[in-house]
Amino acid sequence: MSESEKSPMFAPFFGLAGVAFAMIFGCAGAAYGTAKSGIGIVGTGTFRPDLIMRSLIPVVMSGILAVYSLVIAVLVANDMGRPGQNYSLFNGFLHLACGLSVGLTGLAAGYAIGIVGDMGVRSYMKQSRIFVGMVLILIFAEVLGLYG
């Protein structure tokens, strides 16, 4: 098998698609989690402004999902090398799978953090004992993105 058959010209497309999928889906999950839990924080802040700082935990956890996506995107982009180097089709599909797994798990984790964060901070306003349970559920939702 010749070298051009192992590394076709279109192979880097799949690697860069992995970078794009990681960033797009991961940041979309982070944005959804931030927006959804932010709605709950604003609702809580109108009645109990003293609880706003403790209620920011879901927003911070959503932002971490975007960092996971950024790390994978940088790692994949660095692994691709410079243009003109040999980049196999196998590596292209491998990087595509990496980007998809991180991006889609970030999207799912952002969705979960948004829903739990919204209802969690609203419930925390009514009953302060719910805080520890809310944080535990948020940690388990965050782990979905970490596994990706």
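The structure is a predicted model, in which local features need pLDDT of at least 70 and side-chain atom pairs count only at pLDDT 80 or more, whereas totals for chains, interfaces and linings use all residues. Residues are numbered from 1 along each chain as its sequence is written, and side-chain values use heavy atoms, with hydrogens and water left out.

For residues 96–148, the end C-alpha atoms are 13 Å apart, with 91% of the span in helix and 0% in strand. Both spans, 18–75 and 96–148, are listed by UniProt in an unreviewed entry as "domain: V-ATPase proteolipid subunit C-like"; such annotations may be inferred rather than shown by experiment.

Ser55 is located in the loop that joins α2 (11–47) and α3 (57–80). Because its relative accessibility is 0%, Ser55 counts as buried (under 20% relative accessible area, with a 1.4 Å probe and protein chains only). Apart from neighbours within four places in sequence, Ser55 is in contact with Ile41, Thr44, Val121 and Tyr124, contact meaning heavy atoms within 4.5 Å.

Helix α5 comprises 17 residues (131–147), which at 1.5 Å a residue should span 24 Å, in agreement with the 25 Å between its end C-alpha atoms; the expected span is 1.5 Å times one less than the number of residues. The buried residues of α5, including Phe131, Leu138 and Glu142, pack against α3 and α4 (89–126).

Methods: Helix = DSSP H or I, 4+ residues; strand = E, 2+ residues; numbered from the N terminus. Buried < 20%, exposed > 50% of the residue type's maximum accessible area, 1.4 Å probe, protein only.
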